[in-house]
Amino acid sequence: MLEVNNLNVTYNGKRKINHIVRDISFSIKEGECVVILGESGSGKSMTMKAILGLLDNSFTITGKALLNEQNILEMDKENLRKLRGKDITMILQNPMTCFDTLYRVGYQMKETLKTHTNWNNLEIHQKSIDMLNIMQIKSPEEVLKKYPHQLSGGMLQRIMIGIALMLNPKILVTDEPTTAIDAITKFEVMKEFQRLKDNHTTMLFITHDLGVASLIADRVIVMNKGKIVDEGTFAQIISNPKDNYTRLLVEKRIAVMNKFKTSMEVVE
């Protein structure tokens, strides 16, 4: 479905050039869920923003990103815009940047769905209500009438996830989609992603959370300082990490889990 070859991203600052992503190569098969794992600043989000044409002229991007044998990096803005809704959809980490503050949430959802589906206004309204219920959002009719600033970041994140799911893209890209939501909603959202995985939806899932990766990953790519340092199934990453950075991530995760278990035993 997607093949990335020798992707490089550099930021052209006023005083120096920063090499953010270095010679990244990976592929995703149809129906596969690939998790890109790494801490903040590892280059995982910049990798996907470069592929999807979401970076401005301050960045220089080289390499290839082939979707259906077409190099996305060579597309013009209009064709990229069409592709991002129909073939590949990205859920960004910060939902506040994805909604226009001047328009009601329902209007923005309707315009997005009218652009990428053949649903009429009545179908869009009903499907929007159904989606808000799935995302555990109370009073969906009232939410559709509100402006983005009247909703919490977590609620906007859930709406954004729901819109992406409604578009049913060939590839779903998610950038830390559970960061801004509480634990209960996170559980419900991850159930939706697991359902998509069970239905063989092709996904590229970006996260720093090993626990999230364990729920849906067919394959894990570990990034550090703009490079891929490890790759394999989740079991391979946990039991036999090849890189010291991966080993450190695993040890941190195990330490947190053990601390949680100990605290639970004290409570009991």
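**View 1. Two strands pair here if DSSP finds at least two bridges between them, and the β4–β5 pairing rests on two bridges, in the antiparallel sense.** In this predicted model, strand β4 covers residues 59–67, and its residue L66 has N71 of β5 as bridge partner. Both strands belong to an open sheet of four strands, which follow one another in the order β2-β1-β4-β5 with antiparallel pairing. The edges of this sheet are formed by β2 (17–28) and β5 (70–71), each of which pairs on one side only.

View 2. After the helix comes G53, whose phi is positive, near 70°.

**View 3. Strand β3 (residues 33–37) is covered on both faces.** In a regular strand the side chains alternate between the two faces of the sheet. In β3, C33, V35 and L37 lie on one side and V34 and I36 on the other, and all of these residues are buried. Strand β3 is joined by five bridges to β8 (residues 202–207), and the two strands run parallel; within this pairing, V34 has L204 as its bridge partner in β8. Strand β3 also pairs with β9 (residues 219–224), again in the parallel sense, over four bridges, and here the bridge partner of I36 is I221.

View 4. T174 counts as buried because its relative accessibility is 0%.

**View 5. Three aromatic pairs are counted in the model, and one of them, Y103 with Y107, is stacked.** The ring centres of Y103 and Y107 are 5.2 Å apart, with 20° between the planes. Y103 counts as partly exposed because its relative accessibility is 39%, and Y107 is likewise partly exposed, with a relative accessible area of 38%. By contrast, F193 and F205 form an edge-to-face pair, with 5.2 Å from centre to centre and 85° between the planes. This pair links distant parts of the chain, since F193 belongs to helix α7 (residues 183–198) and F205 to strand β8, twelve residues apart. F193 is buried, at 0% relative accessibility, and F205 is also buried, at 0% relative accessibility.

**View 6. Two asparagines, N6 and N168, have a positive phi.** For N6, which is found in strand β1, phi is near 50°; with a relative accessibility of 45%, N6 counts as partly exposed. For N168, phi is about 50° although the residue is not a glycine, and its place is in the loop between α6 (153–167) and β7 (171–175). N168 counts as exposed because its relative accessibility is 57%.

**View 7. The charged end of K127 sits over the ring of W119.** The distance from this charged end to the centre of the W119 ring is 4.7 Å.

Technical notes
Residues are numbered from 1 along each chain as its sequence is written. This is a predicted model: local features need pLDDT of at least 70, side-chain atom pairs count only at pLDDT 80 or more; totals for chains, interfaces and linings use all residues. Side-chain values use heavy atoms; hydrogens and water are left out. Buried means under 20% relative accessible area, exposed over 50%, partly exposed in between (1.4 Å probe, protein chains only). Rings of Phe, Tyr and Trp (its six-membered ring) pair if their centres lie within 6.5 Å; planes under 30 degrees apart count as stacked, over 60 as edge-to-face and the rest as tilted. A charge sits over a ring if NZ of Lys or CZ of Arg is within 6 Å of the ring centre and within 35 degrees of the ring normal.
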